[in-house]
Amino acid sequence: MAQKINEAHEHIAKAEKYLKTSFMKWKPDYDSAASEYAKAAVAFKNARQLEAAKDAYLQEAEAHTNNRSALEQAGMMLKDMQKLPEAVQYIEKASLMYTENGTPDTAAMALDRAGKLIEPVDLGKAVDLYQKAASVFENEDRLRQAVELLGKASRLLVRQKKYDEATLSLQKEKSMYRDIENYPTCYKKTIAQVLVHLHRGDYVAADKCVRESYSIPGFSGSEDCIALEQLLQGYDQQDEDQVSRVCNSPLFRYMDNDYAKLALTLSVPGEGKKKKAVAATPGDAGVNGGVDGPEEEEDEYAGGLC
């Protein structure tokens, strides 16, 4: 380890020498200095001197201002030091430089990496980074990559219960999936939208969302459409049993975890009603005694197969 540290300091000394000017050398040799700082950073990193490695990467970036990767590497050093907000700042700067230098794909991927870094400690910042990355891809007409990042942002907005923002993000997602003709995913996004609207207490917006989705090829008559119609009917009639039956169906339970939680925690407005056909039937004593009457069979299939 000591050998690596000494090696790093030798590269630093060489870099500083390249930056010096003299009577015979009017301009600093920035490229050579940047190369030496990069070597020093690697040596420091191998010696587990992360703070020194980060400083060397920053010196490399300063010596060669177009060296975007040096800034990103400095950010990764800060990540290893558990200084996540600072790490993200450097990666964002690197992303801006990638964009300015004509490599937007690399810029978007850097923002995505920064989002993953900060997500465990700052969901709001992660949403911002994913949305920025999505915008970069969208500007390049790479909608499949853009919509994937928007999906990350939407889920985190739901996790934070920022439902108003989540509805806008989900609508943008659905529009992109429609543009690339991925209609089955549009159906799933409609389910997510309806759940978010109902958690906002906005039945009208949820109903409008389903009606607008009838124009999506294949939606009308699909299992997604039928389930949503039953959900809205149960919600409007304050029928807890029907809402629970729909929300606990595999179609809802196997969604992305954040949306599945919305389904499982959805409650009807007011006090709600639990429809029990057995209790409302004059022959309930016979049913409770184990006689298979027509009332029991009817109750078994009430509300459909959701």
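Predicted model: local features only at pLDDT ≥ 70, side-chain atom pairs only at ≥ 80, totals over all residues.
The protein chain contains 17 helices and 0 strands. Of its 306 residues, 42% are buried.

Two packed helices are described by the angle between their axes and the distance between the axes. A pair that can be read in this way is helix α6 (residues 104-118) and helix α7 (residues 123-139), whose axes come within 8 Å and cross at roughly 165°. Because angles over 145 degrees count as roughly antiparallel, α6 is roughly antiparallel to α7. The crossing in which α6 passes α7 is left-handed. On the α6 side, the residues that meet α7 include Ala 108, Met 109, Leu 111, Asp 112 and Ile 118. On the α7 side, the residues that meet α6 include Leu 129, Tyr 130, Ala 133, Val 136 and Phe 137. By class, the residues of the contact of α6 with α7 divide into 12 nonpolar, 1 polar and 5 charged.

Asp 112, found in helix α6, deserves a separate look. Is Asp 112 buried or exposed? Asp 112 has a relative accessible area of 16%, and is therefore buried, since buried means under 20%. Leaving aside its neighbours within four places in sequence, Asp 112 is in contact with Tyr 130, Ala 133, Leu 149 and Lys 152.

The next pair is helix α8 (residues 143-159) and α9, whose axes come within 9 Å and cross at roughly 160°. This angle makes α8 roughly antiparallel to α9. Again the description includes a handedness: α8 passes α9 in a left-handed crossing. From α8, the contact involves residues including Leu 143, Val 147, Leu 150 and Leu 157, and from α9, residues including Tyr 163, Ala 166, Leu 170 and Met 176. The contact of α8 with α9 has 12 nonpolar, 3 polar and 4 charged residues.

Between α8 and α9 runs a loop that holds Lys 161. Lys 161 is not a glycine, yet Lys 161 has a positive phi of about 65°. With a relative accessible area of 63%, Lys 161 is exposed. Arg 48, in the loop between α2 (30-46) and α3 (50-63), also is not a glycine and has a positive phi of about 65°. The relative accessibility of Arg 48 is 69%, so Arg 48 counts as exposed.

Within helix α9 (residues 163-179) lies Thr 167. At 10% relative accessibility, Thr 167 counts as buried. Which residues does Thr 167 contact, leaving aside its neighbours within four places in sequence? They are Gln 193, Val 196, His 197 and Arg 200.

The last stop is helix α12 (residues 223-236), whose length can be checked. At 1.5 Å a residue, its 14 residues should span 20 Å, and the end C-alpha atoms are 20 Å apart, so the two values agree. An α-helix has 3.6 residues a turn, so residues three or four places apart point the same way. In α12 the buried residues include Asp 224, Ala 227, Leu 228, Leu 231 and Tyr 235. The buried residues of α12 pack against α10 (183-199), α11 (203-213), α13 (240-247) and α14 (250-253). Just after α12, Gln 238 takes a positive phi of about 55°.

Conventions:
Residues numbered from 1 in each chain as written. Heavy atoms only, no water. Axes fitted to C-alpha atoms, helices over the stretch in contact; angles between N-to-C directions. Helix = DSSP H or I, 4+ residues; strand = E, 2+ residues; numbered from the N terminus. Parallel < 35°, antiparallel > 145°, perpendicular 65-115°, else oblique. Left-handed = near helix turned anticlockwise from the far one by under 90°. Contact = heavy atoms within 4.5 Å. Nonpolar A, V, L, I, M, F, W, Y, C, P; charged D, E, K, R; others polar. Expected span 1.5 Å × (residues − 1). Buried < 20%, exposed > 50% of the residue type's maximum accessible area, 1.4 Å probe, protein only.
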